[in-house]
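Please load the model in a viewer and keep the selection panel at hand.

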Amino acid sequence: MPASRMLPVSLLFLFLYFLTVTGCRTGYSYAPKTESTVIKVSEKPDALSFNSLKEQMAPSLADRASKSRGLILGTAVSLATNAVKKMIAKDRKKYKSEYSFALTDLYFYDQLSTISPFDPVGMQFNGFNIIRTFVNRDGHTDTALVGRFELDASDPSEIINNSTFRLRLKSIDVNYTKAKLTRAQKNNINVDIEITFKTSYVNESGQLFGDVALGKFYVLLRQAPLDKKNPAYATFYDKLKDTEVDGKSFIVPRSFGYYKTPEDAIEKSFSQGAYSISVKVTESTRDRFVTKVLLDNSNTIIDMLGTRAAGLGH
């Protein structure tokens, strides 16, 4: 057979070999049929009591700040509804994976207030965890990603004076990815995490504000190791422990309303601050597929929301 006819066949075998070497998944890349994304909020209420809804007490600032509470409060437990239990995008790009976490019906404070929409006393939000698991080929549940975030309480004056808060990344571990991971990537992955706090409320003038973004936070990981046996794994994730997360958010504004006193009087009050948390995670083996967010955007968002938030007191 002439050499000219053999060349295409040789190129075909070379191409197939290239696909075998660079296109197959490694042990840290998976395409599961069964997976779960869960977000859990941590709350540390100053006091928690449940009584008949016929009678409520909105305590004074001095009473609420004191250690001995003993006051009649409204329901303070967040309902924590999973708004998005699992939302895995059927990504057309083999080397990118997106998924989301979300919780709604949360309460930012453990009690009502008679002070103002941004009264921080009784703040019970303390952080949240995100957990992604999947069922492997052996039928066992493996943990793909775990992230733990906490309220940054290192500077309480920022919360009290500016009505804003920040987060700290207590720890994060990435063990598996749904993105197609080839041998050429050496078991590393890029991970972008975008956290958004939202709320809906009504101010004292009766103006309704629906689905308002209070702030955003970002965690951007590049070349994060997946192999726990690799010495670089512990080094990489240990450096991330207890670090400040980029971005900030307003504390949740309390919605205007009324409460019934023990004397059967109806008085003005502000709610426990209903809010939601959504977390979007993007994993990619190729950096150009991952959206590079300008971290300064979080400050811009805060500034843009300032005018809207000012309407709370009017």
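**A tour of the open sheet**

Begin at the hairpin of strand 4 and strand 5, where five residues lie between the strands and glycine 139 adopts a positive phi near 85 degrees. Strands (E, at least two residues) and helices (H or I, at least four) are DSSP runs numbered from the N terminus. The model is predicted: local features require pLDDT of at least 70 and side-chain atom pairs pLDDT 80 or more, while totals for chains, interfaces and linings use all residues. Residues are numbered from 1 along each chain as its sequence is written, and side-chain values use heavy atoms, without hydrogens and water.

Next, select residues 141-151, strand 5, which pairs with strand 4 in the antiparallel sense over nine bridges; strands count as paired if DSSP finds at least two bridges between them. Here threonine 133 has threonine 143 of strand 5 as its bridge partner.

Move to residues 125-135, strand 4, joined to strand 1 by nine bridges, again antiparallel. Serine 42 stands opposite glycine 127 of strand 4.

Then select residues 167-174, strand 7, which runs antiparallel to strand 10 and is joined to it by two bridges. The partner of arginine 168 in strand 10 is glutamate 244.

Now display the whole open sheet: five strands in the order 1-4-5-7-10, with antiparallel pairing. Strand 1 (35-43) and strand 10 (243-244) are at the edges with a single partner strand each, so one side of each has no neighbour in the sheet.
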